[in-house]
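Please read these points with the structure open beside you.

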Amino acid sequence: MDGYSITPQEERLKALRSLMPEVFNEGKIDWEKLKATLGENINFSNERYVLNWAGKSDAFRVMQQPSSATLVPCREESVDFDNTQNIFIEGENMEVLKVLQKSYFNKIKMIYIDPPYNTGNDSFIYPDKFSETKEEYMRRVGDKDEDGYITREGMFRKNSKENGQYHSNWLNMMMPRLYLAKSLLREDGVIFVSIDDNEVHNLRLLMNEIFGEENYLCSVVWEKRFTRSNNAKTFTTLTENILVYRKSDVLATIKEPRNSKADSIYSNPDNDPRGVWTSVSYVNPATKEQRPNLSYPLFNPITKREVIHPTNAWKYEKSTYEQHLKENRLYWGKNGENTYPRLKKFLYEMDGGMVPVDLWKQEDTGTTDQGSKELEELMGGKFFDFPKPVSLIKRALALIIDKNDKEGIFLDFFAGTAPTAQAIMELNQEDNGNRRYICVQLPELCDEKSEAYKAGYKTIAEISKERIRRAGMKIRTEVEAEQAKQQGRLDFEGEESVRMPDLGFKVFKLAESNFKQWRNIKGSDKEEWKQQLIDFLDPLAKNATVGNMVYELLLKSGKDLNSRIEHKAGYYTVNDGELILMLESATQETVDAVLAAHPHKVIALDNLFEGNDQLKTNTVLQMRDGGIEFKTI
């Protein structure tokens with residue numbers, strides 16, 4: 001507060017900072033970053049405080065290139081496809097994040113990711129020639145085997161520390177994905193990123209740039225193991241970091257759910273009718289000289305003596321003390337033996353939560369060994385190295401960021417073996433929650449010598465899906481047993497019944513568009529352009545199906561993957577008529593039925609009207625008269 005009125009310039013800067021914190025550097029607008037964020041082709045200069053690396057400008061351009069890809073449903077690999085709200089997407093995660101932008105913008109409550117740590121021994125996907133198209137890159141590196149699986153020799157490269165752009169390659173991989181992920185978060189959303197010492201310094205600077213330094217919340221230290229390694233030459237690493245950022249200051253507070261350990265400090269030694277309580281000191285760390293307004297005599301009602309602290313002030317003003325006295329909130333000991341009073345804090349006032357801490361110990365959140373053991377017991381073999389323990393992810397996901405703390409969509413786009421999916425199902429089982437997940441995993445080929453490959457799992461994504469299925473079956477068995485036990489008890493009446501959580505998941509796979517006009521025109525050869533014009537006569541690709549087209553048009557119309565889809569005679573309705581898709585027939589009867597539904601928008605295949613221009617013209621006019629947005633493809 002400086003006594004000056006706010007100016008239009010300040011208002012605009014505040015709005016810009018809220019919308020794009022990444023374009024501010026040390027409190028001022030970074031004009032080059034603003035231009036790059038808005039899509040201008042620039043190269044960054046170096047004479048300012050900024051994290052810079054080789055290929056950064058190109059990575060910006062890659063991030064801003066729109067995707068024409070789609071997601072196709074795979075019912076045969078799903079569980080309870082028509083009823084579940086959970087989603088598993090198989091595909092390259094940057095492309096998937098682009099595909100999700102329209103439908104999930106500002107909708108994700110929380111993101112947890114466990115990306116490659118860039119240890120020098122791991123492999124990860126990154127384009128090493130930003131100027132080429134995805135198709136050119138995939139052809140050049142020979143990305144797929146004869147069965148259509150992405151090969152290690154293709155899109156996965158070992159990022160050796162001897163590489164001259166070792167850190168740059170990793171940053172080029174991470175930056176676009178984090179930018180795209182940020183736009184999916186709700187304004188009160190939070191992102192958790194697991195990382196170790198190899199890149200934690202760079203990741204924090206990168207996330208400061210993307211999310212804004214003011215939105216940094218914490219660097220959680222996770223105790224990942226509790227035994228030292230005798231193979232280490234210098235220090236044994238027992239911890240990892242989890243960087244936590246919010247999207248904006250709309251999120252003002254975060255709480256952890258209370259647990260029995262936290263509640264064990266509450267008791268009621270004086271039989272207070274308000275219930276159990278704990279106490280805090282009434283003495284201020286500040287001295288009397290520092291806070292003279294907080295220095296006054298207290299009265300011990302048990303000993304009937306006046307109490308004055310010799311050196312320190314009290315924590316509260318005298319009027320507040322008098323209110324505490326009136327409300328019987330001061331505790332002097334059972335017989336008044338305390339030298340100074342303590343202030344009662346009642347459990348009922350704690351609002352169901354407590355302030356989280358930045359040290360997560362292994363006894364509360366598990367270890368990497370526990371994560372491996374969990375997966376091995378569930379899958380019947382050692383199929384993946386060092387998966388995160390489910391209890392670690394549950395602790396992050398259970399944080400209370402709004403009143404509807406048991407709801408929301410949770411995203412993990414480096415899903416691995418999908419411990420996030422299992423964590424959400426278990427949380428929902430424990431507290432009758434309704435959390436939903438979107439997990440994304442690349443179909444990376446398993447090593448042919450690995451146990452996973454020998455057990456029949458060709459890709460990491462196949463392990464992920466099977467883990468979710470088995471975790472769901474395990475939870476179902478436990479819930480059914482608890483339901484039977486509860487119903488068999490005589491004292492069941494009045495108790496909240498155990499509810500079966502959503503244990504299904506829809507599987508989608510990243511694919512090229514079903515519509516030729518939305519696929520990229522490759523090259524500049526006249527024959528290629530001529531062929532493209534011919535293709536427009538029939539808009540559908542060879543592999544297009546009606547089911548696949550429904551989901552593509554749904555996504556590109558901004559509807560989410562859990563939209564309600566109903567098949568009528570010759571058309572599909574989405575969300576009770578918000579959108580209607582005419583993909584099978586275009587007759588006057590179909591048009592009349594669509595008009596009678598009063599949809600907001602209708603999309604139809606143009607070739608359905610072939611040979612009947614009058615019907616198309618009439619349809620356009622009737623839709624316009626009905627206030628319906630009508631488009632043909």
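1. A salt bridge here is a side-chain nitrogen of Lys or Arg within 4 Å of a carboxyl oxygen of Asp or Glu. The model is a predicted one, and by this rule it has 31 salt bridges.

2. Lysine 394 has a relative accessible area of 14% and is buried, since buried means under 20%.

3. Another salt bridge joins the side chains of aspartate 272 and lysine 344, at 2.8 Å from N to O. Aspartate 272 sits in the loop between helix H9 (260-263) and strand S12 (277-281), while lysine 344 is part of strand S18 (residues 342-346); the pair therefore ties together parts that are 72 residues apart in sequence.

4. Aspartate 272 has a relative accessible area of 5% and is buried. Lysine 344 is buried too, with a value of 0%.

5. Lysine 568 and glutamate 566 also meet through their side chains in a salt bridge, with 3.4 Å from N to O. Lysine 568 is partly exposed at 33% relative accessibility, and glutamate 566 is partly exposed with a relative accessible area of 41%.

6. Salt bridges can also share partners: Glu77, Glu90, Lys465 and Lys509 are joined into one network in this way.

7. Strand S18, which holds lysine 344, is also part of a sheet. The sheet is open and has three strands in the order S12-S18-S17, with antiparallel pairing. Which strands stand at the edges? They are S12 and strand S17 (330-331); each has a single partner strand, so one side of each is left without a neighbour in the sheet.

8. The pairing of S17 with S18 is antiparallel and runs over two bridges. In the sheet, tyrosine 331 stands opposite arginine 342 of S18.

How values were computed:
Residues numbered from 1 in each chain as written. Predicted model: local features only at pLDDT ≥ 70, side-chain atom pairs only at ≥ 80, totals over all residues. Heavy atoms only, no water. Helix = DSSP H or I, 4+ residues; strand = E, 2+ residues; numbered from the N terminus. Buried < 20%, exposed > 50% of the residue type's maximum accessible area, 1.4 Å probe, protein only. Pairing = 2+ DSSP bridges.
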